[in-house]
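The sequence and the model are shown first.

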Amino acid sequence: MSRVTDLLKESYCHIYFNHEEEVLYAEWIGFLKADQVQVGCKAMTDYIKKNKVKTHLSDHRKLRVLAKEVQGYLTEEWFPEVESNGLRRVAVLVSDDVFAKATVDKVNTTAKVGQLVIKTFNAPKDCINWLSEVKAEV
């Protein structure tokens with residue numbers, strides 16, 4: 001069993017760090033409000049800074065739609081901030097919901113980042129395999 005550190009557990013998200021995989025997880029749930037996303041992202045940013053985290057898995061399988069305000073916050077503020085703090089890869093586990101997937105894809109293609117690579121996947125195993133490549137690069 002992997003050791004995990006819970007960072008935030010709310011009705012709209014569960015954020016935790018898996019020490020064995022060295023991956024920061026966020027499971028997002030439902031229709032997210034901007035303030036909810038900001039609370040979750042702040043928890044992750046603080047952890048990324050403090051622990052030099054390089055990889056993040058954002059699980060969107062229970063997510064509905066990302067509002068324009070949320071999309072803007074992620075692409076213009078959060079992605080550049082965590083990238084400047086050392087995050088290198090974000091694997092996005094996408095929802096089967098066509099509309100949720102479309103908004104996630106829009107965010108991922110408009111993110112203004114330098115070295116941060118964001119890629120979408122349909123299976124958790126594929127996410128972890130891709131994220132584990134970062135360990136090999138370091």
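Two strands pair if DSSP finds at least two bridges between them. Helices (H or I, at least four residues) and strands (E, at least two) are DSSP runs, numbered from the N terminus. The model is predicted, with local features needing pLDDT of at least 70 and side-chain atom pairs counting only at pLDDT 80 or more, while totals for chains, interfaces and linings use all residues. Residues are numbered from 1 along each chain as its sequence is written, and side-chain values use heavy atoms, without hydrogens and water.

The protein has 4 helices and 6 strands, arranged along the sequence as β-β-β-α-β-α-β-α-β-α. An open sheet of 6 strands, with mixed pairing, has the order β1-β2-β3-β4-β5-β6. From one strand to the next the twist averages 20°; axes are lines fitted to C-alpha atoms, for helices over the stretch in contact, and angles run from 0 to 180 degrees between N-to-C directions.

| Pair | Bridges | Direction |
|---|---|---|
| β1 and β2 | 5 bridges | antiparallel |
| β2 and β3 | 6 bridges | antiparallel |
| β5 and β6 | 5 bridges | parallel |

A hairpin of 3 residues links β1 to β2, and D6 stands opposite Y16 in β2. Y16 also has a bridge partner in β3, namely Y25. The hairpin of β2 and β3 has 4 residues between the strands, and E22 there takes a positive phi near 60°.

Strand β2 is largely enclosed by the rest of the structure, because 6 of its 6 residues are buried (under 20% relative accessible area, with a 1.4 Å probe and protein chains only; over 50% is exposed and in between is partly exposed). In a regular strand the side chains alternate between the two faces of the sheet. C13, I15 and F17 are buried on one side of β2, and H14, Y16 and N18 are buried on the other.

Helix α1 (residues 34-51) packs on the sheet and touches β1, β2 (13-18), β3 (23-32) and β4 (55-66), its direction making about 175° with that of β3. Helix α2 (residues 68-84) lies across β3, β4 and β6, at about 165° to β4.

Of the 138 residues, 49% count as buried. Among contacts (heavy atoms within 4.5 Å) with a separation of 6 or more, 71% are between residues 24 or more positions apart.
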